[in-house]
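I opened the coordinates to look up a few local features one at a time. My notes follow in the order in which I took them.

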Amino acid sequence: VAAAVARLRLRFAVVTAVARDDLEDGGAAHFARTIEAIRALAPGCKIEVLIPDLKGSIEALGIVLAASPDVLNHNLETVERLQKPVRKAGRYERSLELLANAARLRSDIPTKTGLMLGLGETEAEIRTTLADIRAHGCRLLTIGQYLPPSAEHLAVARWVTPEEFEAWAREARRLGFA
């Protein structure tokens, strides 16, 4: 990964991976080593890591944060009511706590999360979710349209209009998201 980042002369790289629940640290050491390797081969490149919930382990989160990514991202994905069908192993509160712990442990590293719309969530649920995310110290937010990765995944419940995305952007900025 680091060699590719250097060869491509990237100025910003997002490093992600599938959840590694099979590893004791949830893959935290892999993220840390990848950050360190990119810093060695491409020192000017900014690095965002998009991490799994690390099963809520503060120790594993500390390993990733000690490598000093420029942005720590963990996607909440959807509103609380839809967590089970969308993220079978994920837990709403655990994800929020990961974001809060990251903000508390390294306030110099911005935290980021993402939501997908179009899964059947209500406006009230979106508002509550945005408030929950912000209350847990998260500063950066992406909101996008849900697209099923395969025919076996949940179907799109609705298509979100560009105007609605703009309205959610205004709401997020009002709540203090950067």
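**Contacts of E48**

Leaving out residues up to four places away in sequence, I find that E48 touches F12, A13, V14, V15, V71, N73 and K112, where contact means heavy atoms within 4.5 Å. This is a predicted model, in which local features need pLDDT of at least 70, side-chain atom pairs count only at pLDDT 80 or more, and totals for chains, interfaces and linings use all residues. Residues are numbered from 1 along each chain as its sequence is written, and side-chain values use heavy atoms, with hydrogens and water left out.

I place E48 in strand β2, where strands (E, at least two residues) and helices (H or I, at least four) are DSSP runs numbered from the N terminus. The side chain of E48 makes a polar contact with the side chain of N73 at 2.9 Å; such a contact is a pair of N or O atoms within 3.5 Å, and within protein one must be able to donate a hydrogen and the other to accept it, while residues adjacent in sequence count only if both atoms are side-chain atoms. E48 is buried because its relative accessible area is 5%, given that buried means under 20%, exposed over 50% and partly exposed in between (1.4 Å probe, protein chains only).

**H136**

I then turned to H136, which sits in the loop between α6 (123–135) and β5 (140–145). With a relative accessible area of 18%, H136 is buried. A polar atom of the H136 side chain lies 2.7 Å from the backbone oxygen of D132. Setting aside neighbours within four places in sequence, H136 is in contact with E93, L96, E97, L99, A100 and A103.

**Positive phi**

Which residues have a positive phi of about 55° although they are not glycine? I noted K55 and S68. Most residues other than glycine have a negative phi. K55 is in the loop between β2 (46–50) and α3 (58–66), whereas S68 lies in the loop between α3 and β3 (71–73). S68 is partly exposed, as its relative accessible area is 26%.

**Cysteines**

Taking a disulfide as a pair of cysteine sulfur atoms within 2.5 Å, I count zero disulfides. C45 is buried at 2% relative accessibility, and C138 is buried at 0%.
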